[in-house]
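Dear colleague,

Please find below the structure that I am handing over to you, followed by a summary of what was found in it. I would be grateful if you could read the notes alongside the model.

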Amino acid sequence: RYHALWLLAQLGDVELPVTASGDGADGLVQAWATRRGDGKLAVLVWCSTLDQTKRDGDPALARRIRLRLTGTSSKAATITRLDREHGDITTLAAQLGIDEWPSVDQWDKLRTVDQLTPEQTDVNTDGDSSVIDLVLPQPGAVLIEVG
């Protein structure tokens, strides 16, 4: 939860319109786009379901996302992922068999995954738009920063 709130805190003060289409748009997949004071665009996209039997994830609910940012032709973007493979200690804790309290060695292993690591990604351009393609697992969120 902390990491999810941190991602939200990276958004800017100016909300921008978002138009979504395709399988899962505005339901399973949602987005919030903003412009920050430094001029960068910050977009948070997340994939989640209300079906509580699938709250821990379902590969069938992962979605391929194409984000088109109109009015910018940036060649690079930074993405920060939060999902079972990125920033989630609960997956590793289950793999380590932690029941009540981690050992010193287990704490060290948990600390290595308890962080969000920004990654640089290439951006395609299409006229006056930047286009970013990525796969978003469920549950999962990604912060995209451009500019």
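In what follows, a residue is called buried under 20% relative accessible area, exposed over 50%, and partly exposed in between, with a 1.4 Å probe and protein chains only. This is a predicted model, in which local features need pLDDT of at least 70 and side-chain atom pairs count only at pLDDT 80 or more, while totals for chains, interfaces and linings use all residues. Residues are numbered from 1 along each chain as its sequence is written, and side-chain values use heavy atoms, with hydrogens and water left out.

Salt bridges

The structure holds twelve salt bridges, a salt bridge being a side-chain nitrogen of Lys or Arg within 4 Å of a carboxyl oxygen of Asp or Glu. One of them joins the side chains of Asp105 and Lys109 at 3.4 Å, N to O. Both residues belong to helix α3 (residues 104-113) and stand four residues apart, about one turn of the helix; helices (H or I, at least four residues) and strands (E, at least two) are DSSP runs, numbered from the N terminus. Lys109 counts as partly exposed because its relative accessibility is 38%, and Asp105 is likewise partly exposed, at 44%. Elsewhere, salt bridges that share partners join Arg36, Asp38 and Glu145 into one network.

Strand β5 and its partners

Strand β5 (residues 76-83) is mostly covered, with seven of its eight residues buried. Strands are taken to pair if DSSP finds at least two bridges between them. Seven bridges join β5 to the antiparallel strand β9 (residues 140-146), where Ile144 is the bridge partner of Ile79. Four bridges join β5 to strand β6 (residues 119-122), and these two also run antiparallel; in β6, Gln120 is the bridge partner of Thr78.

With kind regards
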